[in-house]
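Biologist: I have a model open and want to learn how to read it. Could you take me through its features one by one?

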Amino acid sequence: MIEADAHPALLALDDEVAFANSIEPLLPIAFRLAYGMLRNRDDAEDAVQEAAMKAWRKRATFRPGAEPRPWFLTIVANECKMARRRPGWVLFGQRSPQERESASGIEAGDLERLRWALSRLDRKHQLVLVLRFYLDLSNEEVGRTLGISAATARVRVHRAIQRLRPVIEVPEDLGDG
Amino acid sequence: MDETRFRSLMHEAIGDQPMQPWLPAAVRTRLTEPRPRAVPGALALLAAVMLTVLVVAALVGPRLLGHVTPAGTSSPVLAEIDCRLPVAIGSEVGFVDTHTGRYTKDQSASVAGLPDSFASRPSYYSAVLKRWLPASVSSMSPDGRSYAWIRLLPDGSTQANFKTAELHRYEVATGTDQLLWTTTVFFIVWRWDTAGILVSEPPDLNGPASGTNRAPANWWLVDPVTGAATQQASSSHASLYSFTPLAGDPTDISFSSVGVDAEGHTIWSLFTNGKGGGANWVFYETAPGQRVFIYRGPKDDASALDPLAAMADSTGIWFSDYRDPNVIRHWQQGTGLRNVMVTGLPAVDQGTFPGAIPTSPCF
């Protein structure tokens, strides 16, 4: 589920064309993160484009030799936070009955409860769940994206899950791996 | 439920949407061609211009002409303006003492029980009411005691699937909510002044990149007492979402709106994209083509202003600056730009602007 990363050496910072080339491998996962946070294709596409522009403007904050993916995903996540402040933005909007029925193998009740619970999480915990269980990143990668340690990321994942628990039954050790 | 099942549930709950194949090309185009710069979302909520309003003007010539205020200068502290500036930092809100620069979190900030349009969080501090509200400065009444908010129906619906949109007036002190106006189109609030509450359909951000093409098609002025809505000509509000290109403006620019001045003029931030330098401009127009410059100078100059958001009040205009999150900048006509060095800033999540963003007038 994890797309190919750009090699650190390929994150070219000297001109726009080289920069565009080097972040292109990151765009699929960036879009998935944006879609996971915004739940709207148009908004997610806008967020990725804006994030790319901001990444270029903030390129001086990229530490040479560091992994570009967490750095770029951080910017994408922040762009999603910004997008959510615009009028009309709503997280986890309703699905059509047809979409609900097509959720194969999973009871609609669980889906609806999870959507409901996710929609009421604060964005910090929404983000960590999207990173951990939608993008399927490891705790180490989640930590690097959020600028925290893997241990702290694990704690944050736990807290997010705990906030789901009144609504949906999930095991204690979820996300420990 | 095991982890595999929970992951499946997450994927089903969110949905798996593949990236469209054109997106990399769009990103490449935006990176390599001169394009308008997006307005940060925080600004959209905190400032009067509630959506990114971008205009690409077909501008020619090497330099800007006329109507120029000299480039701003900065001093280390702002001593003579002594007030408390409400700010947002990450997910918290508080106040900056403009005399000392000290930031203090407002531990009591809460908007529980107050109706809101889209986000139930403290966004505007009313000095009159001595409390935070889930409103933007643009939706505040002139007396600071009420705010306008939008309700989409049926409850829980979004811009994509709502049936009706209501404009409400909420009087905070009495807790009185008044339905003013109902429509079937989505709209945003631009300002509330003595003339009424100005609303429009959102600008078409996906349309062709020119000011007129992005103009909201329908504008209304809503009476805040009776709710009577009067249709307005789009052209009469063009200064809210576009500015007038002048002969001599450079061609290679990006720009965005960052807020409004005390009279409601949109403040524009521009920079040129040329390699090896370039320029930064921040200005507003008092009339078509009549620019008042807040900053005009080299893009890489140490004193350059690269605003994230602007908040106008009786003292002038406060800016948060991309270049230095530890500084709030203040501009006053005749005095120019000065800095408030902010201390006591909290840590924020990586990727969140770590500085103080002015949200409301200083008091």
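Biologist: How many bridges join β18(B) to strand β19 (residues 327–332) of chain B?

Modeller: First, the ground rules. This is a predicted model, where local features need pLDDT of at least 70, side-chain atom pairs count only at pLDDT 80 or more, and totals for chains, interfaces and linings use all residues. Residues are numbered from 1 along each chain as its sequence is written, while chains are lettered from A and ligands numbered from 1 in the order in which they are written. Now the terms. Strands (E, at least two residues) and helices (H or I, at least four) are DSSP runs, numbered from the N terminus. Two strands pair if DSSP finds at least two bridges between them. Here, 4 bridges join β18(B) to β19(B), and the two run antiparallel.

Biologist: Through how many residues does the hairpin join β18(B) to β19(B)?

Modeller: The link has 5 residues. Another hairpin, formed by β17(B) and β18(B), has 2 residues between the strands.

Biologist: Over how many bridges do β17(B) and β18(B) pair?

Modeller: β17(B) pairs with β18 (residues 316–321) over 6 bridges, in the antiparallel sense. Check two partners in the viewer. B:Ala309 is bridged to B:Ser320. B:Pro307 is bridged to B:Asp321. On the β19(B) side, B:Trp318 has B:His330 as its bridge partner.

Biologist: In what order do the strands of this open sheet lie?

Modeller: The order is β17-β18-β19-β20 in chain B, 4 strands with antiparallel pairing. The edges are β17 (307–313) and β20 (336–341), each pairing on one side only. From one strand to the next, the twist averages 25°. That angle is taken between axes, which are lines fitted to C-alpha atoms (for helices over the stretch in contact), with angles from 0 to 180 degrees between N-to-C directions.

Biologist: Is B:His330 buried or exposed?

Modeller: Count C-beta atoms, placed from the backbone. A residue is buried with 20 or more others within 10 Å of its own, exposed with 12 or fewer, and partly exposed in between. B:His330 lies in strand β19 of chain B. It counts as buried because it has 23 C-beta neighbours inside 10 Å. Its C-alpha atom is separated by 9.5 Å from that of B:Ala312, 18 residues apart along the chain. β18(B) is mostly covered, with 5 of its 6 residues buried.

Biologist: What is the order of the strands in the open sheet that contains β21 of chain B?

Modeller: Read β3-β2-β1-β21, again 4 strands of chain B with antiparallel pairing. Its edge strands are β3 (103–105) and β21 (357–358), each pairing on one side only. β1 (residues 84–89) and β21(B) pair over 2 bridges, antiparallel. One bridge to find is B:Ala88 with B:Ile357.

Biologist: Which residues have the most contacts inside the largest nonpolar core?

Modeller: Such a core is a set of buried Ala, Val, Leu, Ile, Met, Phe, Trp, Tyr and Cys residues joined through C-beta atoms within 7 Å. The largest has 73 residues, and B:Val87, B:Val96, B:Val199, B:Ala310 and B:Ile328 have the most contacts inside it. A second, separate core of 56 residues includes A:Ala55, A:Leu135, A:Ala153 and A:Val157.

Biologist: What is the secondary structure of chain A?

Modeller: Chain A has 9 helices and 0 strands. Chain B has 4 helices and 21 strands. Of the 177 residues of chain A, 50% count as buried; for the 363 of chain B, the figure is 44%.

Biologist: Which residues of helix α1 of chain A are buried?

Modeller: An α-helix has 3.6 residues a turn, so residues three or four places apart point the same way. In α1 (residues 16–23) of chain A, A:Phe19, A:Ala20 and A:Ile23 are buried. They cover an arc of only 100° around the axis (from the directions from helix axis to C-beta atoms), which puts them on the same side of α1(A).
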